[in-house]
2 protein chains.
Amino acid sequence: MRIDRLMLLAPTLALAVAITATAAELRGTGDLGVVVERADGALLIVDTTERRMIDRVEGLGDLSHASVVFSRDARYAFVFGRDGGLSRVDLLTAEVTHRIVQAGNSIGGAISQDGSVVAVANYEPGGVRFFATADLTPLGEIAATYGPDGARSKVVGLEDLPNNRFVFSLYDADAIWTARLDKDGPTVTGRFVDVGALPYDALVTPDGRHYIAGLFGEDGMALLDLWDPAAEPLRILDGYGRGEEPLPVYKMPHLKGWSVAGDLVFLPAIGRHELLVVEKAGWKEVGRVAVHSQPVFAIARPDGRQVWVNFAHPDNNVVQVIDVPSLAVVADFDLGPGVLHMEFTPKGEAVWISVRDDDRIDIIDTETFEHVGSLEAAKPSGIFFTARAHRLGY
Amino acid sequence: MRIDRLMLLAPTLALAVAITATAAELRGTGDLGVVVERADGALLIVDTTERRMIDRVEGLGDLSHASVVFSRDARYAFVFGRDGGLSRVDLLTAEVTHRIVQAGNSIGGAISQDGSVVAVANYEPGGVRFFATADLTPLGEIAATYGPDGARSKVVGLEDLPNNRFVFSLYDADAIWTARLDKDGPTVTGRFVDVGALPYDALVTPDGRHYIAGLFGEDGMALLDLWDPAAEPLRILDGYGRGEEPLPVYKMPHLKGWSVAGDLVFLPAIGRHELLVVEKAGWKEVGRVAVHSQPVFAIARPDGRQVWVNFAHPDNNVVQVIDVPSLAVVADFDLGPGVLHMEFTPKGEAVWISVRDDDRIDIIDTETFEHVGSLEAAKPSGIFFTARAHRLGY
């Protein structure tokens with residue numbers, strides 16, 4: 001396996017932490033999760049059955065825009081920091097078992113289908129780096145070079161796929177690549193070029209078949225059918241962000257927040273106070289839902305019956321619930337300023353919502369819309385539950 | 001809460017077992033599972049990451065046709081025996097923490113969305129009984145009575161639904177009911193009558209929206225749209241089992257084995273050497289796939305790209321794989337006599353297959369079709385992995 005010079009130059013820091021198993025409680029890990037306390041570089045470890053915090057882990061670096069994936073045994077959280085930090089946290093002992101700073105600036109990552117490899121999408125230097133989930137040993141990289149000078153592209157929208165592959169977008173190269181880690185190291189398995197200008201984020205549908213990249217440089221999206229090895233990237237939803245008259249955009253919506261609810265996809269119309277309703281068969285817009293303000297996340301309850309929406313500043317105190325069959329807004333919450341993220345329990349009976357400026361997590365029953373619990377958290381942002389370990393594209 | 005006299009008469013046996021936590025290994029439970037050894041009344045506890053058996057649990061009674069659900073923390077398996085036994089097994093300590101014999105003859109069960117209640121479908125006496133997942137304390141029952149004499153119906157096809165409900169079929173009453181457990185005890189929330197003659201098994205789609213019951217007394221199926229509280233049961237797929245000329249039926253196919261793969265549903269054509277391909281939108285047959293013999297289970301890989309099929313005696317040595325986009329048979333295995341069940345790892349990179357008469361579990365890579373592992377097991381039948389804890393209708 002060849003390791004690039006740039007990779008060796010990246011600063012790495014290994015923390016040797018003894019696991020004191022005797023101190024930890026024997027327990028199942030299927031109902032665990034983490035809450036990111038971005039200002040403190042810390043994680044809360046939470047229990048979604050008892051709706052309580054069970055421990056806290058510090059020393060995780062810059063967690064603004066941090067995201068998390070889980071090992072296939074649902075014991076370890078892999079935390080991607082904005083500062084290029086990659087940390088492996090044991091949810092049972094509340095310890096950082098391994099931590100490296102693998103790049104200067106990174107934007108998230110994914111875990112392979114078989115659970116053996118964690119991949120990180122980097123801005124500086126660009127490209128994707130691969131590490132063993134067991135101990136964060138480097139396993140190589142894909143530099144994501146493009147153009148005559150072989151510049152490295154920023155990489156975004158990195159997702160895991162069936163057949164142990166990954167897919168990601170090259171922001172600077174208007175390209176989408178797929179890759180896998182073989183015994184000889186990382187291999188690019190597909191290169192799709194001219195997908196549209198500046199893909200800035202992406203998602204994969206729950207079945208791992210369709211990859212959709214948002215385009216920062218154009219008013220449309222790139223769609224790839226990954227079941228077809230000869231597929232050309234398709235352009236979909238041209239003009240979806242524009243509407244009749246563009247509004248100022250306070251925050252680009254997250255594509256990971258897109259909802260696939262049965263046969264429909266709900267997505268934020270950029271800058272507008274609307275969700276677009278798109279039919280998955282054909283990828284055409286079939287309707288719009290008027291909502292409170294500019295949507296940021298629109299997330300389906302696991303059964304697809306409801307879509308929960310939060311909003312950009314200055315309306316980020318509000319959460320609305322859309323009933324999918326009627327497309328009606330059936331609930332409207334004012335939870336306080338700074339609603340940043342929402343995560344459903346695995347079977348969807350409750351949703352956990354981070355309210356940053358009130359230093360609080362709210363837990364709401366998704367049937368009755370009653371408030372069923374709260375947790376204190378210091379400026380909470382992302383919430384991630386271990387059931388993600390068993391889902392493609394999380 | 002009112003507890004029926006018949007319930008108090010049911011023989012119960014509580015096993016007090018001390019949990020010796022110190023002996024058990026601290027570990028995640030997201031990659032655990034169980035294999036039923038039906039002849040021995042035993043379970044193997046298995047690890048799907050290391051592909052090995054980690055422990056064995058005995059004393060579970062008659063496990064012919066046994067099924068298993070998991071607690072929401074993925075630590076406990078609830079085992080439904082044919083003899084009415086309900087056992088709670090700790091996967092970490094390999095101990096039976098609680099066991100009752102709650103009826104004379106039962107056919108499976110389900111766990112509520114919030115994980116607090118386990119429900120059992122009974123033949124003798126008929127009806128559904130509810131128990132606390134924490135300790136199997138009885139929480140009441142629904143007697144499922146019908147007709148002028150108030151006879152109790154055999155209950156089949158019991159599944160969990162969103163909003164903490166359950167749905168089940170009354171075999172003797174040609175009916176489908178929904179129910180939930182409130183603080184005052186079990187409540188019937190919906191009664192659908194004249195659904196068709198003798199519903200014998202059922203499934204719920206992965207989104208918890210559609211419930212489909214097979215009819216033993218007619219050549220068709222009953223479909224209920226659970227999103228519509230005023231829904232009438234629909235009759236679908238009339239004549240699906242007949243084809244041009246009926247063949248002898250060696251084994252009624254399992255409906256739980258039905259595959260929902262994207263927009264298509266694959267189901268065994270009763271008595272014929274075919275799978276029916278049904279479009280979910282409209283529930284109409286859109287094609288057939290010729291297969292080796294009479295299919296029993298047709299199970300989709302979690303991403304819906306493949307459907308794996310096993311067959312009735314005397315062809316139960318064979319497993320075939322259908323590629324969904326081309327509807328072609330792309331792999332054909334002869335694994336030895338008595339292939340009874342197949343279970344995919346949570347993200348589908350491998351499938352575990354029980355080969356009863358060879359006392360073996362085979363593990364096959366679903367991309368390369370290579371044989372990647374084997375485990376010894378005494379007459380193995382059902383295989384169940386803990387990721388089911390986080391899925392509706394499992």
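Predicted model: local features only at pLDDT ≥ 70, side-chain atom pairs only at ≥ 80, totals over all residues.
Select Asp207(A) and show its side chain. The backbone nitrogen of Arg209(A) lies 3.0 Å from a polar atom of that Asp207(A) side chain.

**Around Asp207(A)**

Colour the loop between strand S18 (199–204) and strand S19 (210–215) of chain A; Asp207(A) sits there. Is Asp207(A) buried or exposed? Buried: its relative accessible area is 16%, and the cut-off for that class is under 20%.

Next, show what surrounds this residue. Setting aside neighbours within four places in sequence, Asp207(A) touches Pro162(A), Lys280(A) and Leu392(A), plus Asp303(B) from the other chain. Then pick Gly393(A). It is 186 residues away from Asp207(A) along the chain, yet the two C-alpha atoms are separated by 8.6 Å.

**The corresponding loop in chain B**

Jump to Thr205(B). Its loop runs between strand S18 (199–204) and strand S19 (210–215) of chain B. Thr205(B) is buried, at a relative accessible area of 1%. Which residues is Thr205(B) in contact with, leaving aside its neighbours within four places in sequence? Select His210(B), Val260(B) and Trp283(B).

**A glycine in chain A**

Go back to chain A and select Gly282(A). Its place is the loop between strand S24 (274–279) and strand S25 (284–290). Gly282(A) is partly exposed, with 47% relative accessibility. Draw a distance from its C-alpha to that of Ile236(A). The value is 9.2 Å, for residues 46 apart along the chain.

**The interface**

Show both chains as surfaces. The contact takes in 45 residues of chain A and 45 residues of chain B. Together the two chains bury about 3,900 Å², 51% of it on carbon and sulfur atoms.

Now look for polar links. Between chain A and chain B there are 26 residue pairs in polar contact, both residues at pLDDT 80 or more. On the side of chain A that touches chain B, 14 residues are nonpolar, 13 polar and 18 charged. How many salt bridges are counted between chain A and chain B? Six.

Zoom in on one of these pairs. Arg180(B) forms a salt bridge with Glu367(A), with the closest N and O atoms 3.0 Å apart. Then find Glu367(B) and Arg180(A). Their side chains also meet in a salt bridge, at 3.0 Å from N to O. Glu367(B) is in the loop between strand S32 (360–365) and strand S33 (371–376) of chain B, while Arg180(A) is in strand S16 (residues 175–182) of chain A, so this pair joins two chains. Glu367(B) is partly exposed, with a relative accessible area of 34%.

Superpose the two copies. Chain A can be laid on chain B by a turn of 180° and a shift of 0.0 Å along the axis, giving an RMSD of 0.0 Å. The copies are therefore related as by a two-fold rotation axis. Both use the same surface, since 100% of the contact residues of chain A recur in chain B.

**Salt bridges within a chain**

Over all chains the count is 53 salt bridges. Side chains of opposite charge can pair when their charged atoms come close.

- Select Arg301(A) and Asp303(A). They form a salt bridge, with the closest N and O atoms 2.8 Å apart. Both residues are buried.
- Select Arg305(B) and Asp323(B). Their side chains meet at 2.9 Å, N to O, in a salt bridge. Arg305(B) is in the loop between strand S26 (295–300) and strand S27 (306–311), and Asp323(B) is in strand S28 (residues 318–323), 18 residues apart. Asp323(B) is buried, at 11% relative accessibility.
- Select Glu37(A), Asp40(A), Arg56(A) and Glu58(A). Salt bridges link them in a network.

**Backbone stops**

Show backbone atoms at His313(A) and Pro314(A). A cis peptide bond joins them, with omega about 5°. Pro314(A) is in the loop between strand S27 (306–311) and strand S28 (318–323) of chain A. In chain B, the bond from His313(B) to Pro314(B) is cis too, with omega near 5°.

Move to Leu198(A). Its phi is positive, about 60°, although Leu198(A) is not a glycine. Leu198(A) is partly exposed, with a relative accessible area of 27%.

Finish at Asp359(B). Here phi is near 50°, again positive in a residue other than glycine. Asp359(B) lies in the loop between strand S31 (350–355) and S32 of chain B.

Technical notes: Residues numbered from 1 in each chain as written. Chains lettered and ligands numbered in written order. Heavy atoms only, no water. Contact = heavy atoms within 4.5 Å. Buried area = accessible area lost by both parts, 1.4 Å probe. Salt bridge = Lys/Arg side-chain N within 4 Å of Asp/Glu carboxyl O. Polar contact = N/O pair within 3.5 Å; in protein donor to acceptor, adjacent residues only side chain to side chain. Nonpolar A, V, L, I, M, F, W, Y, C, P; charged D, E, K, R; others polar. Least-squares fit on C-alpha atoms with pLDDT ≥ 70 in both. Helix = DSSP H or I, 4+ residues; strand = E, 2+ residues; numbered from the N terminus. Buried < 20%, exposed > 50% of the residue type's maximum accessible area, 1.4 Å probe, protein only.
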